[in-house]
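Biologist: I am new to this structure. Could you show me how to read it, feature by feature?

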Amino acid sequence: MSAAGDKMNCEEYQQAIAADPAFDGGAAHVVDCPACQSFRREIEALNIGIAKAMQIDVPPLQMPDLTNVERDNVVPMKKRSHKLLWFALAATVVLATSIGIRMSGMGQHYDSLPEAVLAHLDHEPRSLVVTNVGVSEEQLARAVPAKYARLDNSGPLITYARTCKINGEDVPHLVMQGEYGPVTVLLMPHEKIAEAMPVEGINVKGVILPVGDGSVAIIGEREERLGPIEQQIVNAVTWTT
Amino acid sequence: MNSSNADGKRRQRFDRLVSVYYQDMFRFAAWLCRDRAIAEDVVQEALLRAWKSLDSLRDDGAAKHWLLTIVRRENARYFEKRRLDTVDIDNLTASQSALLAEAPNEELADLRKAIFGLDDDYREPLVLQVLMGYSTKEIGEMMNLQQGAVLTRLHRARLKLRHNVAQDERS
């Protein structure tokens with residue numbers, strides 16, 4: 001199909017109309033094509049029928065009993081109580097002692113990359129919101145600087161983008177809206193791995209995939225089908241380091 | 001703000017969102033599962049799930065997308081749990097037939113039956129476009145498909161409906 005929509009043939013025009021009856025391209029073609037004019041009228045009429053046919057009767061709302069339903073723990077970090085923060089801090093200290101977190105310079109280094117990735121996610125709960133507001137091109141460009149990577153942004157909607165540190169290196173941290181909720185993507189141009197590494201959190205799962213001389217972590221809800229997203233991300237990323 | 005006030009406001013927010021989008025939730029569920037009784041169950045589960053995770057919805061402007069995504073997920077869960085067969089259009093249960101029986105005239109009944117008979121892959125994007133008003137880009141994001149794939153499915157869905165309706169008229 002031509003980008004301008006002005007050099008279409010009948011097949012292209014009719015495909016576009018059948019896919020979206022509101023399609024407003026191809027004016028130069030349709031004005032001189034009675035067959036396509038007729039096709040358009042037919043599809044528009046069909047679409048009105050489809051819309052009417054889909055308006056099935058809806059029963060009255062019966063709200064389930066919500067009184068004792070526990071809410072998910074998705075309170076943003078800034079709203080967590082001090083008590084909870086102290087508890088979390090104490091738990092972190094115990095964990096650090098038991099699994100041997102090693103400290104180096106300003107950043108924390110973990111025994112394994114999946115541990116570092118999960119710890120990072122836990123520190124940015126505000127990124128994990130459901131929204132249909134995407135980040136701007138400028139925000140995305142700032143989060144994924146050209147010196148690290150080039151990202152073809154034609155995949156899922158990106159709703160969060162910033163540069164973070166993992167193992168002392170800059171890591172573009174993106175969040176996309178998956179089928180089952182937010183999906184976190186960490187582009188790690190400096191973390192070369194030999195093979196894919198599973199990431200298993202309490203409520204999340206994912207994978208770190210080797211991509212050239214770096215790797216990409218993709219983590220979502222347990223139910224999320226990450227396969228298609230993994231493929232899109234791997235195809236969309238090019239390292240420039 | 002004390003905790004009961006906060007809970008009250010949370011409940012008010014939830015009730016407001018549900019009152020706006022309940023009809024969309026039910027119709028979407030019904031066209032996904034093609035069964036009135038199952039759609040009611042799916043929506044009940046979706047409401048519970050939405051209540052639990054309401055705090056993750058930062059922007060109420062995204063509520064429709066969020067609620068429909070929950071319905072979609074609950075519908076998938078429902079069928080996964082029960083390992084139900086796909087709908088056999090020639091042997092419908094009473095609850096499935098109920099969806100088709102309400103059409104106000106024969107022409108719409110035929111069209112409804114034709115939509116009912118579309119494969120899930122074609123029916124879902126069509127419902128999202130025609131009934132829910134989503135763009136092909138938004139449908140791609142919801143279904144995790146490239147926009148081109150959505151366009152192809154929508155194009156094929158309408159051609160199938162056109163063909164089936166023409167066939168019904170001839171017979």
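Modeller: Start with confidence, since this is a predicted model. Chain A has a mean pLDDT of 78. In chain A, 78% of the residues reach 70 or more.

Biologist: Over which residues of chain A is the pLDDT below 50?

Modeller: One such stretch is residues 73-89 of chain A. Beyond near neighbours in sequence, residues 73-89 have 10 contacts in the model. Residues 91-106 of chain A are also below 50. That stretch has nine contacts beyond near neighbours in sequence.

Biologist: Next, the secondary structure. How many helices and strands are there in chain A?

Modeller: Chain A has seven helices and 10 strands. Chain B has eight helices and zero strands. Read along the sequence, the pattern of chain B is α-α-α-α-α-α-α-α.

Biologist: How do I read a pair of strands? Take β4(A) and β5(A).

Modeller: Look at direction, then at the partners across the pair. Strand β4 of chain A covers residues 158-166, and strand β5 of chain A covers residues 169-177. The two run antiparallel and are joined by eight bridges. A:Arg162 stands opposite A:His173 of β5(A).

Biologist: And the turn of that hairpin? Which residue takes a positive phi there?

Modeller: That residue is A:Asn167, with a phi near 50°. The hairpin of β4(A) and β5(A) has two residues between the strands.

Biologist: Now helices. How is a packed pair described?

Modeller: Two packed helices are described by the angle between their axes and by the distance between those axes. Take chain B, with α7 at residues 136-143 and α8 at residues 147-170. Their axes come within 8 Å and cross at roughly 105°.

Biologist: What does that angle say about how α7(B) and α8(B) lie to each other?

Modeller: Angles of 65 to 115 degrees count as roughly perpendicular. Therefore α7(B) and α8(B) are roughly perpendicular to each other.

Biologist: Which residues make the contact?

Modeller: From α7(B) come B:Thr136, B:Lys137, B:Ile139 and B:Gly140. From α8(B) come B:Gln147, B:Val150, B:Leu151 and B:Leu154. By class, this contact has four nonpolar, three polar and one charged residues.

Biologist: Let us turn to burial. What share of each chain is buried?

Modeller: Chain A has 241 residues, and 30% of them are buried. Chain B has 171 residues, and 38% of them count as buried.

Biologist: How do I judge contacts across the sequence?

Modeller: Look at how far apart the partners are in sequence. Take contacts in chain A between residues at least 6 apart: 48% join residues at least 24 apart. In chain B, residues 24 or more positions apart account for 66% of the contacts with a separation of 6 or more.

Definitions and conventions: Residues numbered from 1 in each chain as written. Chains lettered and ligands numbered in written order. Predicted model: local features only at pLDDT ≥ 70, side-chain atom pairs only at ≥ 80, totals over all residues. Pairing = 2+ DSSP bridges. Helix = DSSP H or I, 4+ residues; strand = E, 2+ residues; numbered from the N terminus. Buried ≥ 20, exposed ≤ 12 C-beta atoms within 10 Å, placed from the backbone. Contact = placed C-beta atoms within 7 Å. pLDDT = per-residue confidence, 0-100. Axes fitted to C-alpha atoms, helices over the stretch in contact; angles between N-to-C directions. Parallel < 35°, antiparallel > 145°, perpendicular 65-115°, else oblique. Nonpolar A, V, L, I, M, F, W, Y, C, P; charged D, E, K, R; others polar.
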